[in-house]
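Take a moment with the model before reading on.

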Amino acid sequence: MKLRSALAILIAMTASLAVAQEATTQGKTASDTASLQQMFTRMENEWAKADNTKDTKVLDRILADDWTYLGATGIQTKAQHLADLKSGGGGLEFETLADIKVRVFGDTAVVSGSAEQKSSNKQNDTSGHYVWTDVFVKRHGRWQAVNSQDTLVPHK
């Protein structure tokens, strides 16, 4: 009987703590979410501009050293991406981002959206409407992209 009572008290205390923690988190979440949404939207636009202007210094800051990209032409590492930009091997002429959504899970964030872009990859025109997802990790107090994927949406 004592074991059941102790177990019931433990369950009640755990539930109370969880509800209190959730209420506190929810109070902070709305403003934190808005702030993170703005930060990642700004970062994504800065990233697009840096790709457009071939600003490898900005890209070096945004992309983690272990960043990988998966797209229609295959997989590319950060080193390969920066080398392509430096060599003038195609790139982004313009990109308009839309529908940006941010989901944060501790020190990991998943950012997704869509984009209209005029772009090329070496000799191929890669322009069109894309949907994309970027994964960011907070390391040493700053967010960096570790993985990206985009998909060209066929015209209907």
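Which backbone oxygen does the side chain of Gln144 reach? The model is predicted, and in it that side chain comes to 3.5 Å from the backbone oxygen of Leu63. Gln144 sits in strand β7, which covers residues 142-153. Is Gln144 buried or exposed? Its relative accessibility is 9%. Gln144 is therefore counted as buried, since the cut-off for that class is under 20%.

Now look at what surrounds Gln144. Neighbours within four places in sequence are left aside here.

How many salt bridges does a search of the whole structure find? The search finds four. One of them joins Glu46 and Arg61, with the closest N and O atoms 2.3 Å apart. Glu46 belongs to helix α1, residues 2-53, and Arg61 to helix α2, residues 56-62. The two residues are 15 apart, and the pair links distant parts of the chain. Glu46 is partly exposed, at 31% relative accessibility. Arg61 is partly exposed too, at 36%.

Next, find Lys78 and Asp65. Their side chains meet in a salt bridge, at 3.0 Å from N to O. Lys78 has a relative accessible area of 4% and is buried. Asp65 has 70% and is exposed. Which residues are linked with Asp65 and Lys78 in a network of salt bridges? The network takes in Asp60.

Strand β1 holds another charged partner. The side chain of Asp66 meets that of Arg139 in a salt bridge, again with an N to O value of 3.0 Å. Why does this pair tie together separate parts of the chain? Asp66 lies in strand β1, while Arg139 lies in strand β6 (residues 128-139), so the parts joined are 73 residues apart in sequence. Asp66 counts as partly exposed, at 43% relative accessibility. Arg139 counts as partly exposed as well, at 32%.

Definitions and conventions: Residues numbered from 1 in each chain as written. Predicted model: local features only at pLDDT ≥ 70, side-chain atom pairs only at ≥ 80, totals over all residues. Heavy atoms only, no water. Helix = DSSP H or I, 4+ residues; strand = E, 2+ residues; numbered from the N terminus. Buried < 20%, exposed > 50% of the residue type's maximum accessible area, 1.4 Å probe, protein only. Polar contact = N/O pair within 3.5 Å; in protein donor to acceptor, adjacent residues only side chain to side chain. Contact = heavy atoms within 4.5 Å.
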